[in-house]
Each structure stands twice: as structure tokens, then as C-alpha cells.
Amino acid sequence: MLKDAGYWSIITVLRGYLAAKGLTFHIRGEQHIPTEGGAVIALNHTGYLDFVFGGIAPRRRRRLVRYMCKESIFKVPVVGGLMNMMGHIPVDRINGAASFDRAVSEARAGELVGIFPESSISRSFEIKSIRNGAVRIAHAAGVPIIPILLFGSQRVWTKGHPKKLLRSPYPLYIEVLEPMATTGDVAADTERLHEVLTQGLARLWDRHQRDYGAFPEGEFWVPARFGGGAPTLAETEAQDEVIYQERRRVRQLGVDLSELTEKIKTLRDDMAAGIYDRIEEAKTKLAETEPPKTPSLATIQIKVKTAVDDLVAESSRGLKESSDHITEAMEQLKHDTNELFEQLQASTRERYDGSQLERALARIVAESKEIIAKLPQRKSVVAFTEPDLITANADRCLIVDDAEALGTHLDAGAAVVLFTEEPGAVAVERLGLAGRKRVAVVVGGREVVDTAGEVIAEGIDGREAGLDAALAHLELQPERVLSFGAQEADLPILARADWAVAMADADASVVDAAATVIAPAIERGVGEFLTGLQPQDN
């Protein structure tokens, strides 16, 4: 086709280059490539030139492959233009919805869409765990999957080893397997594709050794199972998991920033609509008194700006992938925050301490700090990993799902003191701590009980006195205290902690006093935080 004239010209150049390199190709199964109609070409990934070698069999059938490639390649000068000219599909590894839709559209239109289900080069030169994209695209487009196996391309150019782009007379095996239909069961189809690729690659290993003898031991391009120098499959999977965790983190960061931006927009729109004024007017009429005027709103504005500025600065640190998307999200956040400030400053209306608007702004501060606390560079600043005392407002900070994480730290030697306004036995039962040792419950700031309901101390005056009584009973003089709070009543306890943690829905004064802000109890904030501390047995 005329639109692909440039693509065919590039192929002509590459054919000449490959001939000059002296590679010996062993190709089988090209008859499985359809001469027309769409399909998903699923290839294993061992080297940087796999997209070239993977297109050889389709070319022999006069077909072109539209590869799904990481987005960053399309931003390289000249290369990006060529990629677009050839109709390849850019993939955002953090948010791949657009590339998925385009791949489905291309396959439906009769194109061959090339994808590497392993997502990245397998340093082990074995089949790693695969993603389900190939299966989902094929099923959505109503086309078959055609697996293509490669072995030998890693000797030319692969990750972590010098490229050999000049003459390199190596054997290179390519096998096209029979088309595979999808069933709609994504998990089962993905597992079947993995099995097909694994078995197909094993056949290539056998052919290579039959043709050229046993694999030489210690060579970098030989899989570890044959005595080669490549990492084992398990080692490769572990390396990849670090990368996938970073992608998940960046994906979640983008979601968090977007959600915070939407909340700021909603707050701004509600202000413009006069909702907050009407709320305060209604409260004044009900009280039949004029609330005391204070400058607290100006203070909270400064806190919002500081929190958002900190969030923007911290979010950009250490990004390895999709930094453009995070930068875009941060710019939008800054833009909407600035518009909110302008709206607040333009208003001549007086605000009141404790108003709904002030609470909404305080929530923005808390959520900004919560996002910051989840960033890896902030997680690493926790002062200790093994607290010897954990205190918490049981009513506002804990749910039953947090019991396992609390239990892990109890087993590691920590003590727990809880504060509650409900009967101690109810709190203990609700949190699944019945019968646990080294746990004390301060009830209403009046008495302290253990998990069996036995009264430890009574007639006490306030939470601080309750904490002292609990520590005396536990015979503990803690050196590393971790405290979770949500209400102003928790402030004296947080002040005595080495690490004070506020829930995202805590009172503004608690958020200000805390070193870290975590997700609210309903989102299992305490449990997730404690799990991240990874205690060790004393």
C-alpha cells in the first residue's frame, strides 16, 4: 500500500543490513501468518532487535507488523517520526488504556499487532511471567493470537551487554506457532499462552543444541539452566517486580493527584455557588448568635499552599517512568490551587473559626500530607522500624482489619495502649484483641482495663494519666513510641510520641501536630502503615 511505502523502504534497508551481518536464520512456521486479516503477534523478548527479527516471517507473507512499543521511543528525535510513519503504537506503561484501544482498532481493521507479553526483555532468556494484554486485545478485536518464538537475538544486542551491530555470524532461530483462539477467560487464556511460549522456546533450545552442539557453559547468552551466565528466571522475576512496583506506585500517585485536584475544583465551585455562605447563615440562625470572628481562614490558606507546594516538590523526586504524566498532573493541581487562592482573596466575606469552608480546606491539607507520606523517600524517614509501644485512638483510628498488623508487632515484643469512649470489652472484641497480652485500654479517660476486662486502674483523670497507669501495669518505660490520633483529645498523647501519625480525616490541629498523615481508618490506614514497618523478633 502507498501509505506503507516508507515502512517497506526501511525493511529493504534492514534486509541489506542483516545480510551483511552474516546471521544464519532458521525459520519455521511462516505459513501460520495469514496473508490478510488481523491478528495479534505475541513474541518472547530477549533483545533490543526482536522487533526486527520478529517481522521477518510476516514480511515473507507480505505483511507488516504494527508493534506496541514504550512511549519514550516515540519522543526520540527522528526515531519517533519513523515509528509513527510505520504505524507503530506508543504504550504508556502507567496508563495503557489509549494504546489498548488503538491496538484493538488496528487488529479489527486487519492489521497485525505485535506485542511482547513479557513487557520487557527477559534477562534470563526464558519466558517470564506474562501480562494479559495480548489476550485481551485479541479477544476484544475478535482475532487470533499468533505466537512467534525467537532465540539468538540476545547475542546481537540485549540488556546489560555490549551491542554487536557489525558482522556477527550467529545462528538465530525463529518459529511461528499455530494461531491460538481466545475464549474470553482472560486468566486461563493468559496461562495457556504462557505455556505455549514456554514449550515453543524449549523446542528452539533443542534445535539449537542439535544443530550446533551443547550450549557453552558460562556464556552470557546461555540460560542459567544450561550452565550459562544469564540470571535465573527467579532472579529476573525479582528484578522485574521492583520495576512493576514502581509503575504501580506512579500509577497510584497520578490517581491521588487527580483526585485531590478534583476536590479542589469542587471546593472552588461550591464557594462560587455560595454553598458555604448558606451553610454558615443557617448555622447562625439556628444558634441565634453571631459566631466569634477569627483570622483562622487566612492561616489555613497558608497551610494549604504549603502542603500543595510540598506535595508538588516531593512527587517529582525519583520518578523513573511516565514523569511527563505526573508533571502534567502536578501542573493541573498547582493551577487549580492558585485559582482557589485567588477566589478566596477576592472575597470580602468574613469567615468563621470552625466553618465548613475551613474544615474543607483542612481536609485538602490532610490529603496532601497523606499522599506525601506514601512516597518512597518519605517512607524511609520513619525514625524506627520496631516500636516498643503503639498507642491509638481506637474509635477513630482502628478497624478490625488492623488487628493482624497490630498482632504482628505484639508478637515482636511491642505493647499496645488504646484509648476509647466505648466499654473496654467492646473495643477489644471489635478489634479482635481479646486475650492478647501486653495490651491496655484507657476507657473514657477514667479507668484502664486489660483485654480480659479486668480493671487495671480506676478513678484516673484524663488520657495522659491513663497512659501512665497503663505503662505502670505493663512495667514499660518505652523508648520508641508510635502514636495514632484523630481528635484534639489525642494531642497530649501524640506530644509524648517519638512518631506521631494522624489519620487523613483527623481534626486540623492533629494533622498539624503529626509527622505523618495516613489514610483514614475505613481504608485501613493504620494496618497498612504498620505492615510497612516490617518488625523483627526481639
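**Close-ups of a predicted model**

No disulfides turn up here: the count comes to zero. The structure is a predicted model, and the legends below walk through a few local spots.

**View 1. Two buried cysteines, C69 and C397.** With the disulfide count at zero, here is how two of the cysteines sit. C69 has 13% relative accessibility, so it counts as buried. C397 comes in at 0%, so it goes down as buried too. The cut-off behind both calls is under 20% relative accessible area.

**View 2. A nonpolar patch on the surface, built from V78, L82 and M85.** M85 belongs to helix α4, which covers residues 79–85. Its relative accessibility is 33%, and because that falls between the 20% and 50% cut-offs, M85 is classed as partly exposed.

**View 3. R62, a non-glycine residue with positive phi.** The phi angle of R62 is about 60 degrees. Look for R62 in the loop that links α3 (56–60) to β3 (65–70). At 59% relative accessibility R62 is over the 50% mark, so it counts as exposed.

**View 4. F125, with a positive phi in a residue other than glycine.** Phi of F125 is near 60 degrees. F125 sits in the loop between β5 (112–115) and α6 (133–141).

Methods. Residues numbered from 1 in each chain as written. Predicted model: local features only at pLDDT ≥ 70, side-chain atom pairs only at ≥ 80, totals over all residues. Heavy atoms only, no water. Disulfide = S-S within 2.5 Å. Buried < 20%, exposed > 50% of the residue type's maximum accessible area, 1.4 Å probe, protein only. Patch = residues over 30% accessible without salt bridge, like charges linked within 9 Å, V, L, I, M, F, W, Y side chains within 5 Å. Areas by Shrake-Rupley, 256 points an atom, 1.4 Å probe, with all protein chains shown as cover. Salt bridge = Lys/Arg side-chain N within 4 Å of Asp/Glu carboxyl O. Helix = DSSP H or I, 4+ residues; strand = E, 2+ residues; numbered from the N terminus.
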